[in-house]
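Please look over the sequence and the structure shown here before reading the short report that follows.

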Amino acid sequence: VEYAERVMWANLSVPGHRVNRVSTTAAAVLAGACIAWIVGLFQWAPAVLLPRLRVRTAATPRSSPTDGINIDKLALLAKDFDTRYVQTGRVKGGLLAVVHCGKVFTAIAGLQLCEEKGISLETPISALVPEWPAKLRDESGKVLPPLLLKHCLTHTGGFSKALPTVHPLPSLREAELQRIKDQIRGQGRTPQTLREAVELEGQHPQIFSPGRHFNYCGVGSQLVARAVEEAFGMNIAEYMQQRIFKPASMDNMGFVIDELLSKNCVSTDYHPWVLPAVAATIPSRWRRMRLRITGLWCQLCGQKLVDNIRPAGSGVILPTKLWDRSLKFFHPDAGLVGTGADFVKWLQVMTGNGEQAEADRCQKVLSQFVLDSLATPITPELQPPFALDAPLTSNRLFPVRGDPVQRSHRPFNSFPGQQFSLGGCVITNPEKIGLPKRAEGTWHWMGFASTYFFVNPREKLSACFLTQLVSHRTYPILDELVTGVHESLT
């Protein structure tokens with residue numbers, strides 16, 4: 001998929017079916033909506049995914065009803081997304097998407113570490129990361145079992161770092177609340193590097209014994225990245241560039257972008273309902289009050305998004321520009337930047353046996369071990385009691401705005417009919433969440449700014465929807481994407 005000059009392209013590969021170029025130019029387009037269908041031996045043929053389609057196709061009969069995808073249904077799906085999300089002003093477009101799905105790329109690096117260095121998933125993190133303490137304690141001071149590498153890959157580490165934008169304040173434990181209070185007061189040292197961040201994290205108590213619960217948190221990704229840095233002798237940005245992005249021909253993906261792309265950056269928009277949670281960790285009392293008032297006013301006026309909080313080109317975590325080469329703190333959990341075209345190159349690798357198809361050759365990017373590890377569930381179902389304080393839900397991949405969830409619950413811990421792998425969320429019971437049967441075995445993840453993707457290894461099918469709207473729980477986009485694309489299969 002290429003996303004350039006307000007035109008969206010999707011790549012299709014269907015044996016026996018040749019699709020000529022389909023183009024569209026929309027007055028307002030999705031910041032990213034990419035669907036890649038890969039079947040067979042990489043016969044890439046472009047087709048378009050957004051409305052006002054001018055379709056020109058030449059087809060030959062397919063050998064089997066399972067060989068392809070219904071182009072008309074796919075076009076209707078794209079038109080429906082445009083009608084409900086773009087034309088109504090719920091999301092808006094641009095050429096560069098900030099990818100908050102970086103945890104998956106960090107997990108890939110961690111799996112390569114296991115494979116190439118012979119490291120077991122049962123290895124204590126303290127044996128891989130020198131600044132991490134061998135003995136962990138909970139809020140009462142009780143010594144806990146060691147934190148293992150597998151815990152960091154499955155969000156089961158028990159870390160006390162929490163964001164109100166992910167887990168509501170009433171659901172937080174005392175240790176989590178205390179850290180937010182300290183942040184508001186400006187207490188504590190601000191880390192300048194990933195190593196410093198991990199060292200500081202190790203000084204805080206855990207909220208549960210590692211492995212006992214699933215609780216979404218980015219600290220595990222930071223520890224995996226540090227283990228990779230120690231083992232390979234380079235920082236995580238250099239590692240991903242050399243071992244993942246360059247082999248996959250992802251030229252515009254990384255923690256820092258080329259300044260020539262700065263004109264294509266998009267702002268990060270916020271839905272008014274999430275502004276009070278964003279305000280909860282801001283030290284300035286005046287800024288907290290202003291954000292809360294802004295959120296309330298926008299909701300009363302029916303405004304669907306606020307676009308002046310984080311301007312185009314702003315850093316994902318730090319207040320620097322995305323092209324600032326002086327950056328030294330690379331956030332492996334939420335710091336990656338890239339284009340929709342590059343993201344789909346990665347999806348092609350995921351559904352192409354780990355290979356990147358070029359004009360006359362195929363380059364191996366990821367091993368079968370990595371592909372299988374991402375697609376194989378290893379935890380219990382992500383429902384209570386294993387999923388910490390999660391609401392008991394069904395008929396949706398995860399709760400979104402407007403769903404009946406108590407404030408004391410952690411809605412982003414609830415993934416009914418799903419289990420976690422060593423890097424992604426795997427759909428094991430599609431009927432429980434109202435998805436087509438053929439979605440079974442699909443693994444997915446999403447980013448805080450509404451960046452979504454899924455990979456179905458059995459169907460050789462993948463899709464992504466990339467925009468910049470906080471929060472990812474504003475609309476049920478991922479449910480609609482997974483359902484609509486699978487229903488387009490023939």
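## Aromatic rings and charged pairs

Phe214, Tyr216, Phe398, Phe412, Phe415, Phe420 and Trp445 together make up one aromatic cluster; rings of Phe, Tyr and Trp (its six-membered ring) pair if their centres lie within 6.5 Å, and planes under 30 degrees apart count as stacked, over 60 as edge-to-face and the rest as tilted. This is a predicted model, in which local features need pLDDT of at least 70 and side-chain atom pairs count only at pLDDT 80 or more, while totals for chains, interfaces and linings use all residues. Residues are numbered from 1 along each chain as its sequence is written, and side-chain values use heavy atoms, with hydrogens and water left out.

The structure holds 25 aromatic pairs. In one of them, the ring centres of Phe412 and Phe415 are 5.3 Å apart with the planes at 65°, so the pair is edge-to-face. Both Phe412 and Phe415 are buried, where buried means under 20% relative accessible area, exposed over 50%, and partly exposed in between (1.4 Å probe, protein chains only).

There are 20 salt bridges, each a side-chain nitrogen of Lys or Arg within 4 Å of a carboxyl oxygen of Asp or Glu. The table gives some of them.

| Salt bridge | N to O distance |
|---|---|
| Arg173 and Asp389 | 2.5 Å |
| Arg226 and Glu229 | 2.9 Å |
| Lys345 and Asp342 | 3.8 Å |

Arg226 is buried, with a relative accessible area of 3%, and Glu229, at 14%, also counts as buried. Arg173, by contrast, is partly exposed at 27% relative accessible area, as is Asp389 at 24%.
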